[in-house]
Amino acid sequence: MSARVKLPDPLDKLLRSELEKAIYEAALDQDDDLIAQRYIVEKKPQIDIAAELGWERSTVSRHIPYILDEVERAASRITKLKGVGG
C-alpha cells in the first residue's frame, strides 16, 4: 500500500502542464526539482523518491514544504500573468 499524495488546494486544481510549468518557473535546485516532479506531478510516495535519491524518507519529507511553497508561489505568479494578458 502506498501513501496518497495530497497537494495544497491551489496546486491540486492545476493541470499537469500547469504544474510542470510552475515547477520549472520555481527554479528549484536539481534534487528539489526531481522531488517536485515525482511528488507533485507523478504523485509518487516519499519513500519511493527517497530510494531513488538514496536518501532517508524523512529527508525528502523535510524538503517538501519548501518545494510546495516555491511551486505554489510560481503558480500564483503564472496565473496572475495569465489573467492580465489573457
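Is Gln-46 buried or exposed? Gln-46 is buried, with a relative accessible area of 18%, where buried means under 20% relative accessible area, exposed over 50% and partly exposed in between (1.4 Å probe, protein chains only). This is a predicted model, in which local features need pLDDT of at least 70 and side-chain atom pairs count only at pLDDT 80 or more, while totals for chains, interfaces and linings use all residues. Residues are numbered from 1 along each chain as its sequence is written, and side-chain values use heavy atoms, with hydrogens and water left out.

**Helix H4 and Gln-46**

- Gln-46 lies in helix H4; helices are DSSP runs (H or I, at least four residues), numbered from the N terminus.
- Leaving aside neighbours within four places in sequence, Gln-46 is in contact (heavy atoms within 4.5 Å) with Tyr-39, Arg-57, Val-60, Ser-61 and Ile-64.
- The buried residues of H4 include Gln-46, Ile-49 and Ala-50. Seen down the axis of H4, the buried residues fall within an arc of 100 degrees, so they line one face of the helix; the arc is that of the directions from the helix axis to the C-beta atoms.
- Ile-47 and Ala-51, on the other side of H4, are exposed.
- Gly-54 follows H4 and has a positive phi, near 75 degrees.

**Packing of H3 against H4**

- The axes of H3 (residues 30-41) and H4 (residues 46-53) come within 10 Å and cross at roughly 145 degrees. Axes are lines fitted to C-alpha atoms, for helices over the stretch in contact, and angles run from 0 to 180 degrees between N-to-C directions.
- From H3, Asp-31, Leu-34, Ile-35, Arg-38 and Tyr-39 meet Gln-46, Ile-49, Glu-52 and Leu-53 of H4.
- By class, this contact of H3 with H4 has five nonpolar, one polar and three charged residues.

**Nonpolar core**

- The largest nonpolar core has 23 residues, and Leu-7, Leu-11, Ile-35, Tyr-39, Ile-40, Ile-67 and Val-71 touch the most other members. Such a core is a set of buried Ala, Val, Leu, Ile, Met, Phe, Trp, Tyr and Cys residues joined through side-chain atoms within 4.5 Å.
- Helix H2 (16-26), H3, H4 and helix H5 (57-85) are the elements that give two or more residues to this core, and H5 gives the most, with seven residues.
- Not counting residues up to four places away in sequence, Ile-35 touches Ile-40, Ile-49, Leu-53, Trp-55, Val-60, His-63, Ile-64 and Ile-67.

**Leu-81 in H5**

- Leu-81 is placed in helix H5 and counts as exposed, at 63% relative accessibility.

Technical notes:
Ala, Val, Leu, Ile, Met, Phe, Trp, Tyr, Cys and Pro count as nonpolar, Asp, Glu, Lys and Arg as charged, and the others, Gly among them, as polar.
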